[in-house]
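Please open the structure in a viewer and keep the selection tool at hand.

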Amino acid sequence: MTSSMAASPPHSSVGAGALTAAGLGKRVRLPDHELTILADVSFTIRSGEAVAIVGASGSGKSTLLSLLAGLDLPSTGSVSLDDIVLSALDEDGRARIRGEKVGFVFQSFQLLPALTAIENVMLPLELRGDRDAQAPAKKILERVGLGERLEHYPRQLSGGEQQRVALARAFVTEPDLLFADEPTGNLDTDTGRAIVDLLFELNAQHGTTLVLVTHDERLAARCSRVLRLAAGRLVSA
């Protein structure tokens, strides 16, 4: 554990999965000018909330998600997960926090093609050193309706089945916080609706804090709160 993690405040003041952005900004240097992607974004997501981040293309949604997950560092401000300031950690420290506390679901599924369904789901458990990864992976794949597809490779699965594997992989570690980035973007309407139902069902069962990036207003409306971005600024929370 890094020294910055050891120096973090006690966590008794927040629930697991609580997330705070304070004065968050992101700028990138271009050859002839500096581009502001996000400016002075502040909010708190309480433990167990389901929050949607919405906005037009180019509004900064994906950048904000990357900052909240500690995948990128802000130019200004800070992100705190359970009172731990992510930018105070080095890259290994942030990766450790993600491994312990965070799950991800992406539009593009991001399954490893050389691994079977169960191997894809076992992977995050193995990476964090769990002794038995197979039993919980099998259990949650059965939970998402893929008990007969354990040994299938991603290429042998439909898009909806691949996203079910991705959901199983995200929830198998029982994360405090789940980030979902356009999780139905590559699915047809009916399959997307089924995946969303499953996402919210799993989220409720696990008591996870959910942060969902979407352009779908109907999907956003299923969350308890909506954060709306416009031109890199938070216009409603």
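The stops below lead through strands, a loop and helices of a predicted model.

**First stop: strand β9**

Select residues 225–230, which form strand β9. The covered face of this strand carries Arg-225, Leu-227 and Leu-229. On the uncovered face are Val-226, Arg-228 and Ala-230.

Strands β9 and β10 form a hairpin, with 2 residues between them. In the turn, select Ala-231, whose phi is positive, at about 50 degrees.

Select Gly-48, in the loop between β2 (34–45) and β3. Gly-48 has a relative accessible area of 43% and is therefore partly exposed, since that class lies between the limits of 20% and 50%. Leaving out residues up to four places away in sequence, Gly-48 touches Gly-207, Thr-208 and Thr-209. To relate this stop to the previous one, display the C-alpha atoms of Gly-48 and Ser-236: they are 20 Å apart in space, while the two residues are 188 residues apart in sequence.

Is Gln-162 buried or exposed? Its relative accessible area is 17%, so Gln-162 is buried, the limit for that class being under 20%. The side chain of Gln-162 reaches the backbone oxygen of Pro-154 at 3.4 Å. Show also Phe-109, Leu-111 and Leu-157: together with Pro-154, these residues are in contact with Gln-162 when neighbours within four places in sequence are set aside.

**Last stop: helices α4 and α6**

Keep α6 in view and select residues 117–127, helix α4. The axes of α4 and α6 are 8 Å apart, and the helices pack at an angle of about 25 degrees. The two helices are therefore roughly parallel to each other, as angles under 35 degrees count as such. Their crossing is right-handed. To display the contact, select Ala-117, Asn-120, Val-121 and Pro-124 on α4, together with Val-165, Ala-168 and Arg-169 on α6.

Notes. Residues are numbered from 1 along each chain as its sequence is written. This is a predicted model: local features need pLDDT of at least 70, side-chain atom pairs count only at pLDDT 80 or more; totals for chains, interfaces and linings use all residues. Side-chain values use heavy atoms; hydrogens and water are left out. Buried means under 20% relative accessible area, exposed over 50%, partly exposed in between (1.4 Å probe, protein chains only). Helices (H or I, at least four residues) and strands (E, at least two) are DSSP runs, numbered from the N terminus. Two strands pair if DSSP finds at least two bridges between them. A polar contact is a pair of N or O atoms within 3.5 Å; within protein, one must be able to donate a hydrogen and the other to accept it, and residues adjacent in sequence count only if both atoms are side-chain atoms. Contact means heavy atoms within 4.5 Å. Axes are lines fitted to C-alpha atoms, for helices over the stretch in contact, and angles run from 0 to 180 degrees between N-to-C directions. Angles under 35 degrees count as roughly parallel, over 145 as roughly antiparallel, 65 to 115 as roughly perpendicular and the rest as oblique. A crossing is left-handed if the near helix is turned anticlockwise from the far one by less than a right angle, and right-handed if clockwise.
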